[in-house]
Amino acid sequence: MIEILFEGKLASINNRYNKNFSLTQTYRNCKTELQLAYRLANVKKTIFTKPVWVSIEWDKGRMDLDAPIKVILDAMKGEIIKDDKQVERIIVEHCKGMKTIIRVGELWIVRENRSTSPSLYSGSK
């Protein structure tokens, strides 16, 4: 598992594109700051290649709870995960007064038998 403390301001998906359908400067700046935070937290240079879970704890203020998910996942690509298609579970929690904490870990899928749906567990190797 990798834990990232992000002290910057998260960009909303609603501010991703400007009227010309190009990425806004706010979105690009947030993505760059997140990538730097990921590099600093990921000292072992681990890049997950299997399915992962992502946990986000942040003070959403006036934004929607799901607003920053896209920029958080976009910034992970190549820094922590190979591709954001690997993310199979996202947990987002509003924590008033807190700085943003992002956690990423490998997702283990355990199938008790073929007639039941998979049970999802996270763990380490």
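The conversation below moves from the overall fold to single residues.

Mentor: Keep in mind that this is a predicted model, in which local features need pLDDT of at least 70 and side-chain atom pairs count only at pLDDT 80 or more, while totals for chains, interfaces and linings use all residues. Residues are numbered from 1 along each chain as its sequence is written, and side-chain values use heavy atoms, with hydrogens and water left out.

Trainee: How many helices and strands does the protein have, and what makes a stretch count as one or the other?

Mentor: The protein has two helices and five strands, and from the N terminus on they run β-α-β-α-β-β-β.

Trainee: How do you know which residues of helix 1 are buried?

Mentor: Buried means under 20% relative accessible area, exposed means over 50%, and partly exposed lies in between, with a 1.4 Å probe and protein chains only. In helix 1, the buried residues are Tyr27, Cys30, Leu34, Gln35, Ala37 and Tyr38; Cys30, for instance, has 2% relative accessibility and therefore counts as buried. Thr32 and Leu40, on the other side of this helix, are exposed.

Trainee: Why are the buried residues of helix 1 said to line one face?

Mentor: Seen down the helix axis, the buried residues of helix 1 fall within an arc of 165°, so they line one face; the arc is taken from the directions that lead from the helix axis to the C-beta atoms.

Trainee: What makes the span of helix 1 agree with expectation?

Mentor: The expected span is 1.5 Å times one less than the number of residues. For the 17 residues of helix 1 that gives 24 Å, and the end C-alpha atoms are 24 Å apart, so the two values agree.

Trainee: Why is helix 2 described as mostly covered?

Mentor: Seven of the eight residues in helix 2 are buried, namely Ile69, Val71, Ile72, Leu73, Asp74, Ala75 and Met76. Just after helix 2, Gly78 takes a positive phi of about 85°.

Trainee: What makes a group of residues a nonpolar core, and which residues touch the most other members of the largest one?

Mentor: A nonpolar core is a set of buried Ala, Val, Leu, Ile, Met, Phe, Trp, Tyr and Cys residues joined through side-chain atoms within 4.5 Å. The largest one here holds 26 residues, of which Leu34, Tyr38, Ile72, Met76, Ile102 and Val104 touch the most other members. Two or more residues come from each of strand 1 (2-6), helix 1 (25-41), strand 2 (52-58), helix 2 (69-76) and strand 4 (100-110), and helix 2 gives the most, with six. In soluble globular proteins, nonpolar side chains tend to be buried together.

Trainee: Which residues does Tyr38 touch, beyond those up to four places away in sequence?

Mentor: Contact means heavy atoms within 4.5 Å, and on that basis Tyr38 touches Ile4, Ile72, Ala75, Met76, Glu79, Ile80 and Ile102.

Trainee: How do you know whether Gly105 is buried or exposed?

Mentor: Gly105, which is found in strand 4, has 2% relative accessibility and so counts as buried. Gly105 and Met1 are 104 residues apart in sequence, yet their C-alpha atoms are 4.3 Å apart in space. Leaving aside neighbours within four places in sequence, Gly105 is in contact with Met1, Phe48, Pro51, Val52 and Trp53.

Trainee: Why is His94 called partly exposed?

Mentor: His94, in strand 3 (residues 87-94), has 36% relative accessibility, and therefore counts as partly exposed. The C-alpha atoms of His94 and Lys60 are separated by 6.1 Å, although these residues are 34 residues apart along the chain.

Trainee: How many disulfides does the structure hold?

Mentor: The structure holds zero disulfides, a disulfide being a pair of cysteine sulfur atoms within 2.5 Å.

Definitions and conventions:
Helix = DSSP H or I, 4+ residues; strand = E, 2+ residues; numbered from the N terminus.
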